[in-house]
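Okay, thanks for making time, everyone.

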Amino acid sequence: MADRYPDSGIIDSYGRDQWPPHCIDYWIYLDAERGEALFSVEGLEPDDVLVQLTGDGLEDGRSLGRVLAQILGVPAPDA
């Protein structure tokens with residue numbers, strides 16, 4: 001998958017001699033009390049991305065989608 005998204009930088013974060021790993025983990029940690037989601041990707045530089053949630057599922061999904069699109073170096077989902 002990372003070869004399809006060369007701008008993501010994930011291959012470089014591992015080093016070419018350690019690529020490909022057996023998997024790349026994508027995690028979203030939700031904190032309902034704070035209205036936040038922490039988007040964490042194994043090997044992502046810089047570190048984790050904090051997303052403020054609105055409580056609107058569609059808008060929050062788009063916000064998380066924009067983070068993933070940025071990581072993969074692809075266009076963000078439409079608004």
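So, leaving aside its neighbours within four places in sequence, which residues is tyrosine 29 in contact with? They are Glu36, Ala37, Leu38 and Ser40, where contact means heavy atoms within 4.5 Å.

Quick housekeeping: this is a predicted model, where local features need pLDDT of at least 70 and side-chain atom pairs count only at pLDDT 80 or more, while totals for chains, interfaces and linings use all residues. Residues are numbered from 1 along each chain as its sequence is written, and side-chain values use heavy atoms, with hydrogens and water left out.

Now the layout. The protein chain has two helices and three strands, running α-β-β-β-α from the N terminus. Those are DSSP runs, numbered from the N terminus: helices are H or I with at least four residues, strands are E with at least two. Of the 79 residues, 28% count as buried; buried is under 20% relative accessible area, exposed is over 50%, and partly exposed is in between, with a 1.4 Å probe and protein chains only.

Back to tyrosine 29, which sits in strand 1, residues 26-31. Tyrosine 29 has a relative accessible area of 46%, so it goes down as partly exposed. From tyrosine 29 to phenylalanine 39 is 10 residues in sequence, and 6.6 Å in space, C-alpha to C-alpha.

Phenylalanine 39 also turns up in the largest nonpolar core, along with Ala37, Val41, Val51, Leu64, Val67 and Ile71, seven residues in total. Strand 2 and helix 2 (57-72) each supply at least two residues of this core. A nonpolar core here is a set of buried Ala, Val, Leu, Ile, Met, Phe, Trp, Tyr and Cys residues joined through side-chain atoms within 4.5 Å. Not counting residues up to four places away in sequence, valine 67 touches Phe39, Val49 and Val51.

Last stop is glutamate 36, in strand 2, residues 36-41. What does its side chain make a polar contact with? The partner is the side chain of glutamine 52, at 3.2 Å. A polar contact is a pair of N or O atoms within 3.5 Å; within protein, one must be able to donate a hydrogen and the other to accept it, and residues adjacent in sequence count only if both atoms are side-chain atoms.

Beyond four places in sequence, the contacts of glutamate 36 include Tyr29, Leu50 and Leu53. And that brings us back to the tyrosine we started with.
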